[in-house]
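Thanks for coming. I would like to walk through one model with you this morning, with the sequence and the structure on the screen.

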Amino acid sequence: MVSEIIYFSVFVAIGITIVAIAIGLAKVLATKKPSEAKCEVYECGIGGVTGDPRIQIKMRYYIFGLLLIIFDVEMIFLFPWAVVFNSLGLFAFIEMLIFIAILLLGLLYAWRKGVLKWV
């Protein structure tokens, strides 16, 4: 028990030391020549836009993102099921068909509502 605590403590100490060394090297080696261009907001290759930051964004973009997350989560459930498919039997197969059918109904609903149109 004591040896495990010692191993853990050494591991944590090494981790903290590595992080401290990395931060220290970054502080020492970083250039310190701020300019207006360096301080400007930059995101995804597009420069900052001046003006009111409270612009209206279409709700469709948020719903599109939520749909993407939902179908990513579907893949998280499908992959383990596919790995053990042979040992599950017919009942699990029917359950997965129902799960996929529910998700497809949701996708068709979103498609008919026009959520998947980007413009």
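First, the ground rules. This is a predicted model, in which local features need pLDDT of at least 70 and side-chain atom pairs count only at pLDDT 80 or more, while totals for chains, interfaces and linings use all residues. Residues are numbered from 1 along each chain as its sequence is written, and side-chain values use heavy atoms, with hydrogens and water left out.

Let me start with helix 3. Helices here are DSSP runs of H or I with at least four residues, strands are runs of E with at least two, and both are numbered from the N terminus. The expected span of a helix is 1.5 Å times one less than its number of residues. Helix 3 has 25 residues, so its span should be 36 Å, and the end C-alpha atoms are 37 Å apart, which agrees.

Which residues of helix 3 are buried? They are L67, E74, L78 and W81. Buried means under 20% relative accessible area, exposed means over 50%, and partly exposed is in between, with a 1.4 Å probe and protein chains only. The cover over these buried residues includes helix 4 and helix 5.

Now helix 5, residues 90-113. This helix has 24 residues and reaches 35 Å from its first C-alpha to its last, close to the 34 Å expected. Its buried residues are A92, M96, L103 and A110, and what covers them includes helix 3 (59-83) and helix 4 (85-88).

A110 is worth a stop. This residue of helix 5 has 6% relative accessibility, so it counts as buried. What does A110 contact, leaving aside its neighbours within four places in sequence? With contact taken as heavy atoms within 4.5 Å, A110 touches L67, V115 and L116. A110 and F64 are 46 residues apart in sequence, and their C-alpha atoms are 9.0 Å apart in space.

After helix 5 comes G114, with a positive phi near 85°. K117 is also in the segment after helix 5. K117 has a relative accessible area of 59%, so it is exposed.

Next, the aromatic rings. Rings of Phe, Tyr and Trp (its six-membered ring) pair if their centres lie within 6.5 Å; planes under 30 degrees apart count as stacked, over 60 as edge-to-face, and the rest as tilted. By this rule there are 4 aromatic pairs. One of them is F77 with F99: the ring centres are 6.0 Å apart and the planes are at 85°, so the pair is edge-to-face. This pair links distant parts of the chain, with F77 in helix 3 and F99 in helix 5, 22 residues apart. F99 is partly exposed, because its relative accessibility is 28%.

Another is W81 with F93: here the centres are 6.5 Å apart and the planes are at 20°, so this pair is stacked. W81 lies in helix 3 and F93 in helix 5, so the pair ties together parts that are 12 residues apart in sequence. Are the two partners buried or partly exposed? W81 is buried, because its relative accessible area is 18%, while F93 counts as partly exposed at 31%. Ring pairs also link W81, F85 and F93 into a cluster.

Last, the surface. A nonpolar patch of about 1300 Å² is made by I55, I57, M59, Y61, Y62, I63, F64, L105, L108, W111, L116 and W118. Patches are made of residues with over 30% relative accessible area and no salt bridge, where like charges are joined within 9 Å and nonpolar side chains (Val, Leu, Ile, Met, Phe, Trp, Tyr) within 5 Å. A salt bridge is a side-chain nitrogen of Lys or Arg within 4 Å of a carboxyl oxygen of Asp or Glu. Accessible areas come from the Shrake-Rupley method with a 1.4 Å probe, and for residues only the protein chains shown count as cover.

Which helix gives the most to this patch? Helix 3 does, with 5 residues, and helix 3 and helix 5 each supply at least two. Y61 is in helix 3 and is partly exposed, with a relative accessible area of 31%. L105 is in helix 5 and is exposed, at 57%.
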